[in-house]
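Reader: I have a structure open and would like to understand how it is put together. Could we go through it step by step?

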Amino acid sequence: LSCQAGPRPQGRGDHPPLSSPLMKSTLAVLIAFAALTGTASAHVVWTGDFETGDLSQWSSTEEVSPDRLQVVASPVRQGKYALRATVIQGDNPINATGNRNEILYDSFEPLGSAYFYKWSVMFDANYPADNTWQSFVQWHPTALTGGSPNVIFMVQNNEIRFVNGQENDRIYWRTPLVRSVWHDFVIHVTWSDDPNVGSVEIYFDGQHVMPPTHMATNFVGNLNYLKAGIYRDAAVSPQGVLWLDGFVQATTLDDVMPPPPPP
């Protein structure tokens, strides 16, 4: 008797051969989709969204104790986790001029580079807003020993402000401080110590609120690293609490622009 196998019937669990037109067409679609997905994700340079459940996405911290910078499950802007930052008068972990508890990311963007950055922040219902400075996101020069960084987002006098410290804290953009709601920031920065080359552009809560505006974004001879949390004038006495979420650095706007809010 011959035991030579004949053609295998195609049942529900069988697939057409790879050489068939159907499989060739299917593979082409999958490869194209994978290429598109890979291209989009390749634009993301860094993610600091706390979805690891800890601070491992960040480089270091400046805090007086671990309870000042806590990864929490609620409230969140996206995903499962966010950061709760707290400052109490007297918190001074590095003998600075003010009170602070901040996380740091050693971004060190090269001069001439340009990136998009996204993050979200919510200020506590009782967040103090005295007529003095309180930074919540800043890019700090590597060797700054005095003065303020060039790129700072702060709260002052019941406003959220973007200021340039090298220009004596010149206010380039401001909006009223609204507490107990999430605010979404997207900024586009060209990093340069030349005021004719460096620039900052701002989107706030999905709206384009500041077009690309030239300014020096680096101190001469310095690169920058990202700091987030609360750094404020030591004269502010009430406790300050805010939440941060969704930090992303990318090379395209599409990778950082949040979707529109639901109706």
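Reader: Let me begin with one residue. Is F123 buried or exposed?

Author: F123 has 0% relative accessibility, and because the cut-off for buried is under 20%, F123 counts as buried. Please keep in mind that this is a predicted model.

Reader: Which ring does F123 pair with?

Author: F123 forms an aromatic pair with F136. The arrangement is edge-to-face, with 5.3 Å centre to centre and 90° between the planes.

Reader: Which strands do those two lie in?

Author: F123 lies in strand 6 and F136 in strand 7 (residues 134-141), so the pair ties together parts that are 13 residues apart in sequence. F136 counts as buried too, at 1% relative accessibility.

Reader: How many aromatic pairs are there in the whole structure?

Author: A search of the whole structure finds 24 aromatic pairs. One of them joins W119 and F153, which are edge-to-face at 5.2 Å centre to centre with 75° between the planes. W119 lies in strand 6 and F153 in strand 8 (residues 151-156), so this pair ties together parts that are 34 residues apart in sequence. Both W119 and F153 are buried.

Reader: What else is F153 in contact with?

Author: Leaving aside neighbours within four places in sequence, the contacts of F153 include W119, F136, R161, F162 and I202.

Reader: How many residues does the largest nonpolar core have?

Author: The largest nonpolar core has 42 residues, and those with the most contacts inside it are W119, F136, F153, F162 and F247. Strand 6 (residues 114-123) gives the largest share of this core, 5 residues. In soluble globular proteins, nonpolar side chains tend to be buried together.

Reader: Turning to the sheet, what is the order of its strands?

Author: This open sheet of 7 strands has the order 2-5-14-7-8-9-10, and the pairing is antiparallel. Its edge strands are strand 2 (60-62) and strand 10 (170-176), each of which pairs on one side only. On average, neighbouring strands of this sheet are turned by 20° against each other, direction ignored.

Reader: How many bridges join strand 5 to strand 14?

Author: Strand 5 (residues 98-105) and strand 14 (residues 224-233) run antiparallel and are joined by 8 bridges. In strand 14, L226 is the bridge partner of Y105.

Reader: Finally, where does pLDDT stay under 50?

Author: One such stretch is residues 1-19, for which the model has 11 contacts beyond four places in sequence. Another is residues 26-40, with 2 such contacts. The protein averages a pLDDT of 86, and 81% of the residues score at least 70.

Definitions and conventions. Residues are numbered from 1 along each chain as its sequence is written. This is a predicted model: local features need pLDDT of at least 70, side-chain atom pairs count only at pLDDT 80 or more; totals for chains, interfaces and linings use all residues. Side-chain values use heavy atoms; hydrogens and water are left out. A nonpolar core is a set of buried Ala, Val, Leu, Ile, Met, Phe, Trp, Tyr and Cys residues joined through side-chain atoms within 4.5 Å. Buried means under 20% relative accessible area, exposed over 50%, partly exposed in between (1.4 Å probe, protein chains only). Helices (H or I, at least four residues) and strands (E, at least two) are DSSP runs, numbered from the N terminus. Contact means heavy atoms within 4.5 Å. Two strands pair if DSSP finds at least two bridges between them. Axes are lines fitted to C-alpha atoms, for helices over the stretch in contact, and angles run from 0 to 180 degrees between N-to-C directions. pLDDT is the predictor's confidence in each residue, from 0 to 100. Rings of Phe, Tyr and Trp (its six-membered ring) pair if their centres lie within 6.5 Å; planes under 30 degrees apart count as stacked, over 60 as edge-to-face and the rest as tilted.
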